Amino acid sequence: QVQFLESGGALVQPGESLTLSCDASKVFDSMAWYRQAPENRRTVVVGFNVAGIKEYSDSSVKGRFTISRDNAKNTIYLQMNSLKPEDTNVYYCNKWPPATSWGQGTQVTVSG
């Protein structure tokens, strides 16, 4: 069973930046960052699609968030710039589409 460990979340002010990390027991060609949506769903923010190309599923983050990866370290990153209060959420990484197992996520709070 693949495992994910997200980290890097914090309380920041609007306009600041954060880098999230996801240490996975295994990485796949298609990986994504998700965030919690209403009704307990998790939606893709940005990911690498099956062709290994970056794809933004949430247009509100395009130009501000960037996904990257280090396959040698089984790690996926999310660089978050120009953060807004509406980015406040718990962020998860997973395969895309997701595996059944999820990590605990990492809380990002943008306030001030």
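Buried means under 20% relative accessible area, exposed means over 50%, and partly exposed is in between (1.4 Å probe, protein chains only). Before moving on, know that this is a predicted model, where local features need pLDDT of at least 70, side-chain atom pairs count only at pLDDT 80 or more, and totals for chains, interfaces and linings use all residues. Residues are numbered from 1 along each chain as its sequence is written, and side-chain values use heavy atoms, with hydrogens and water left out.

**Stop 1: the charged network**

Aspartate 58 sits in the loop between β6 (54-56) and β7, while arginine 35 is in strand β4, 23 residues apart. Strands like these are DSSP runs (E, at least two residues), numbered from the N terminus. Aspartate 58 is buried too, at a relative accessible area of 19%.

Aspartate 87 is in the loop between β8 and β9 and arginine 64 in the loop between β6 and β7, so the pair ties together parts 23 residues apart in sequence. Aspartate 87 counts as buried at 1% relative accessibility, and arginine 64 counts as buried at 9%.

Show Arg35, Asp58, Arg64 and Asp87 together and you have a network of salt bridges. The structure holds three salt bridges.

**Stop 2: serine 60**

Go to serine 60, in the loop between β6 and β7. Is it buried or partly exposed? Serine 60 is partly exposed, with a relative accessible area of 38%. Its side chain makes polar contacts with the side chains of aspartate 58 (2.5 Å) and arginine 35 (3.5 Å). A polar contact is a pair of N or O atoms within 3.5 Å; within protein, one must be able to donate a hydrogen and the other to accept it, and residues adjacent in sequence count only if both atoms are side-chain atoms.

**Stop 3: the disulfide**

Next, pick cysteine 22 and cysteine 93, which are joined by a disulfide (S to S 1.7 Å). The term covers a pair of cysteine sulfur atoms within 2.5 Å. Cysteine 22 is in strand β3 and cysteine 93 in strand β9, so the pair ties together parts 71 residues apart in sequence.

**Stop 4: the nonpolar core**

Finish with Trp33, Phe65, Leu78, Met80 and Tyr91, which touch the most other members of the 25-residue largest nonpolar core. Such a core is a set of buried Ala, Val, Leu, Ile, Met, Phe, Trp, Tyr and Cys residues joined through side-chain atoms within 4.5 Å. Strand β3 gives the most to this core, four residues.

Zoom in on methionine 80. Leaving aside neighbours within four places in sequence, its contacts (heavy atoms within 4.5 Å) include Leu18, Leu20, Phe65, Tyr91 and Val108.

Note on methods:
Salt bridge = Lys/Arg side-chain N within 4 Å of Asp/Glu carboxyl O.
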